Amino acid sequence: MKTKDIVAVAMITTLLVVLSYIPAIPLGFIPVPIVLQNLGVMLAGCLLGGKKGSLSVLLLFLVGLVIPAFSGFSTTIKVFIGPTAGYVWAWLFVPLLIDWGLSGLQKKTPLKVFAIIWLAGVLFVDLLGGLYLAVYSGMPLFAAVVSSSLAFIPGDSLKVLLASLIYGRFHKISEKN
């Protein structure tokens, strides 16, 4: 890996840590808040690609062993034993999925880019997070997955829009199908 790649991974990891210090929005009906860190995870996939983006998330996990690097001033251990573990573990795979989806597109239109990022950064994360939440909390599976998805989809879709726009600024995408 080149020096500029190491710096890029470190910068995205730093962004992930900085986003953790923006206060989460508690929902009350599930023990998982709305956070901005998942926007950084989507950007890791969009800007760094799969391997380096996932490396950046893995580095976040390592940094979180030493300092509070997750929303609510949480550390990696606290996050991995709590109700948000499924969502956070899913983050590790989001950059890989985004990269895989985007590299499979012959023509990258804004709508296609949005769809790929949404499928990886929202649907995949909500499904994995909801599955873990059901096991962790004893909630019925359907209730855990649906309640978490319905709660997060509007805000996460806005984050996907922002990530798509940023991706479009860094990569050439076509306006036509």
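Modeller: Two rings of Phe, Tyr or Trp, the last taken by its six-membered ring, form a pair if their centres lie within 6.5 Å. Keep that rule in mind for this structure, which is a predicted model.

Colleague: How many aromatic pairs does the rule give here?

Modeller: The count comes to 7 aromatic pairs.

Colleague: Where in the chain do F61 and F80 sit?

Modeller: F61 belongs to helix 3 (residues 50–63) and F80 to helix 4 (residues 76–80). They are 19 residues apart, and the pair links distant parts of the chain. Both F61 and F80 are buried.

Colleague: What about Y87 and F152?

Modeller: Y87 and F152 also make an edge-to-face pair, with 5.8 Å from centre to centre and 80 degrees between the planes. Y87 is buried, as is F152.

Colleague: Which residues do ring pairs link into a cluster?

Modeller: The cluster consists of F61, F70, F80 and W89.

Colleague: Now the helices. What describes two packed helices?

Modeller: The angle between their axes and the distance between those axes. Take helix 1 (residues 3–20) and helix 2 (residues 37–48): their axes come within 8 Å and cross at roughly 165 degrees. An angle over 145 degrees counts as roughly antiparallel, and helix 1 and helix 2 are therefore roughly antiparallel to each other. The crossing of helix 1 past helix 2 is right-handed.

Colleague: Which residues of helix 1 and helix 2 meet?

Modeller: From helix 1 they include A8, V9, I12 and L15, and from helix 2 they include G40, V41, L43 and A44. Sorted by class, this contact of helix 1 with helix 2 has 11 nonpolar, 3 polar and no charged residues.

Colleague: How do helix 3 and helix 6 cross?

Modeller: The axes of helix 3 and helix 6 (residues 94–103) come within 7 Å, and the crossing angle is roughly 165 degrees. That makes helix 3 roughly antiparallel to helix 6. Helix 3 passes helix 6 in a right-handed crossing. On the helix 3 side, G50, K51, G53, S54 and V57 take part; they meet P95, L96 and D99 of helix 6. By class, the residues of this contact divide into 3 nonpolar, 3 polar and 2 charged.

Colleague: Is F73 buried or exposed?

Modeller: Check its relative accessibility; the exposed class starts over 50%. F73 has 59%, and therefore counts as exposed. F73 is placed in the loop between helix 3 and helix 4. Its phi is near 55 degrees, a positive value in a residue other than glycine.

Colleague: And G121, is that residue buried or exposed?

Modeller: The buried class lies under 20%. G121 has a relative accessibility of 3%, so G121 counts as buried. G121 is found in helix 7 (residues 110–137).

Colleague: What is G121 in contact with, leaving aside its neighbours within four places in sequence?

Modeller: M42 and V94. As for V160, 39 residues from G121 along the chain, the C-alpha atoms of the two residues are separated by 7.5 Å.

Definitions and conventions. Residues are numbered from 1 along each chain as its sequence is written. This is a predicted model: local features need pLDDT of at least 70, side-chain atom pairs count only at pLDDT 80 or more; totals for chains, interfaces and linings use all residues. Side-chain values use heavy atoms; hydrogens and water are left out. Axes are lines fitted to C-alpha atoms, for helices over the stretch in contact, and angles run from 0 to 180 degrees between N-to-C directions. Helices (H or I, at least four residues) and strands (E, at least two) are DSSP runs, numbered from the N terminus. Angles under 35 degrees count as roughly parallel, over 145 as roughly antiparallel, 65 to 115 as roughly perpendicular and the rest as oblique. A crossing is left-handed if the near helix is turned anticlockwise from the far one by less than a right angle, and right-handed if clockwise. Contact means heavy atoms within 4.5 Å. Ala, Val, Leu, Ile, Met, Phe, Trp, Tyr, Cys and Pro count as nonpolar, Asp, Glu, Lys and Arg as charged, and the others, Gly among them, as polar. Rings of Phe, Tyr and Trp (its six-membered ring) pair if their centres lie within 6.5 Å; planes under 30 degrees apart count as stacked, over 60 as edge-to-face and the rest as tilted. Buried means under 20% relative accessible area, exposed over 50%, partly exposed in between (1.4 Å probe, protein chains only).
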